[in-house]
Amino acid sequence: MVEYSKAMKELAEEIKSIWKKDRGLFWWIAAQFLIAAVLFVLPIINLNPSRPKVYARYSDISNGYSSSYWWYLISFSIIAVTLGIGHNLLSVKLYTKRGKDIARLFLGVSIAITVIAIKFLLSIIGEG
């Protein structure tokens, strides 16, 4: 428990350091978090658990979308948590270990992945 507390204090200090030294990177972190929050909320808002099947997956067979259970859409929320929290924490560590350029590159790729996931989700929701 003491190690966890120490790690959290170190992380807080690293984030404060980013805020003081490199505000641009801090805004990249905030942008990634907000975009991931959108990806987290969208499938939850559009869930309709009363329907037994919903359009949930894209496939190359037949009409392009296949039916699945509604909880398949929740996987987008799980991905959002991973991208929004996990990748931000990794970028903070990359900043302290490797520098700001690699941290920005990592965040840029994470933001691109999140935007692609949102676009994919919106196309699925639009068909349903």
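**Contacts, cores and rings**

Mentor: Leaving aside neighbours within four places in sequence, leucine 42 is in contact with Ile118, Leu121, Leu122 and Ile125. Keep in mind that this is a predicted model.

Trainee: Which residues make up the largest nonpolar core?

Mentor: Leucine 42 is one of its members. The core has nine residues in all. They are Leu39, Leu42, Leu73, Phe76, Ala80, Ala117, Ile118, Leu121 and Ile124.

Trainee: How many residues are in the second, separate core?

Mentor: Leu11, Leu25, Ile29 and Ala103 are among its members. The number of residues in this second core is eight.

Trainee: In what order do the elements of the protein run from the N terminus on?

Mentor: The protein has four helices and two strands. Read from the N terminus on, their order is α-α-β-β-α-α.

Trainee: Are α2 and α3 roughly parallel or roughly antiparallel to each other?

Mentor: Helix α2 covers residues 23–45 and helix α3 covers residues 74–98. Their axes come within 7 Å and cross at roughly 170°. Angles over 145 degrees count as roughly antiparallel. The two helices are therefore roughly antiparallel.

Trainee: How do the residues of the contact of α2 with α3 divide into nonpolar, polar and charged?

Mentor: No charged residues take part in the contact of α2 with α3. The rest divide into five polar and 17 nonpolar.

Trainee: Is leucine 39 buried or exposed?

Mentor: Leucine 39 lies in helix α2. Its contacts, not counting residues up to four places away in sequence, are Phe76, Ser77, Ile79, Ala80, Thr114, Ala117, Ile118 and Leu121. The relative accessible area of leucine 39 is 0%, so the residue is buried.

Trainee: What distance separates the C-alpha atoms of leucine 39 and alanine 80?

Mentor: Alanine 80 is among the residues that leucine 39 touches. Along the chain, leucine 39 and alanine 80 are 41 residues apart. Their C-alpha atoms are separated by 5.6 Å.

Trainee: Isoleucine 29 is found in helix α2. Which residues is isoleucine 29 in contact with, leaving aside its neighbours within four places in sequence?

Mentor: Isoleucine 29 has a relative accessible area of 13%, so it counts as buried. Its contacts, with the neighbours within four places in sequence left aside, are Ile18, Asn88, Ser91, Val92 and Leu107.

Trainee: How far apart in space are isoleucine 29 and glycine 84?

Mentor: In sequence, isoleucine 29 and glycine 84 are 55 residues apart. C-alpha to C-alpha, the distance is 8.7 Å.

Trainee: How many aromatic pairs does the structure hold, and what is the geometry of tryptophan 19 with phenylalanine 26?

Mentor: The structure holds four aromatic pairs. The ring centres of tryptophan 19 and phenylalanine 26 are 4.7 Å apart and the planes lie at 75°, so this pair is edge-to-face. Tryptophan 19 is partly exposed at 33% relative accessibility, and phenylalanine 26 is partly exposed at 22%. For the two values asked for, the count is four and the geometry is edge-to-face.

Trainee: Is the pair of phenylalanine 76 and phenylalanine 120 stacked, edge-to-face or tilted?

Mentor: This pair links distant parts of the chain, with phenylalanine 76 in helix α3 and phenylalanine 120 in helix α4, 44 residues apart. Phenylalanine 76 is buried at 5% relative accessible area, whereas phenylalanine 120 is partly exposed at 32%. The ring centres are 6.0 Å apart and the planes are at 40°, so the pair is tilted.

Trainee: Which residues does histidine 87 touch, not counting residues up to four places away in sequence?

Mentor: Histidine 87 is found in helix α3. With a relative accessible area of 16%, histidine 87 is buried. The residues touched are Thr82, Phe106, Leu107 and Ser110.

Trainee: What percentage of the residues of the protein count as buried?

Mentor: The protein has 128 residues. A residue is buried under 20% relative accessible area. The share that counts as buried is 29%.

Key. Residues are numbered from 1 along each chain as its sequence is written. This is a predicted model: local features need pLDDT of at least 70, side-chain atom pairs count only at pLDDT 80 or more; totals for chains, interfaces and linings use all residues. Side-chain values use heavy atoms; hydrogens and water are left out. Axes are lines fitted to C-alpha atoms, for helices over the stretch in contact, and angles run from 0 to 180 degrees between N-to-C directions. Angles under 35 degrees count as roughly parallel, over 145 as roughly antiparallel, 65 to 115 as roughly perpendicular and the rest as oblique. Ala, Val, Leu, Ile, Met, Phe, Trp, Tyr, Cys and Pro count as nonpolar, Asp, Glu, Lys and Arg as charged, and the others, Gly among them, as polar. Buried means under 20% relative accessible area, exposed over 50%, partly exposed in between (1.4 Å probe, protein chains only). Contact means heavy atoms within 4.5 Å. A nonpolar core is a set of buried Ala, Val, Leu, Ile, Met, Phe, Trp, Tyr and Cys residues joined through side-chain atoms within 4.5 Å. Rings of Phe, Tyr and Trp (its six-membered ring) pair if their centres lie within 6.5 Å; planes under 30 degrees apart count as stacked, over 60 as edge-to-face and the rest as tilted.
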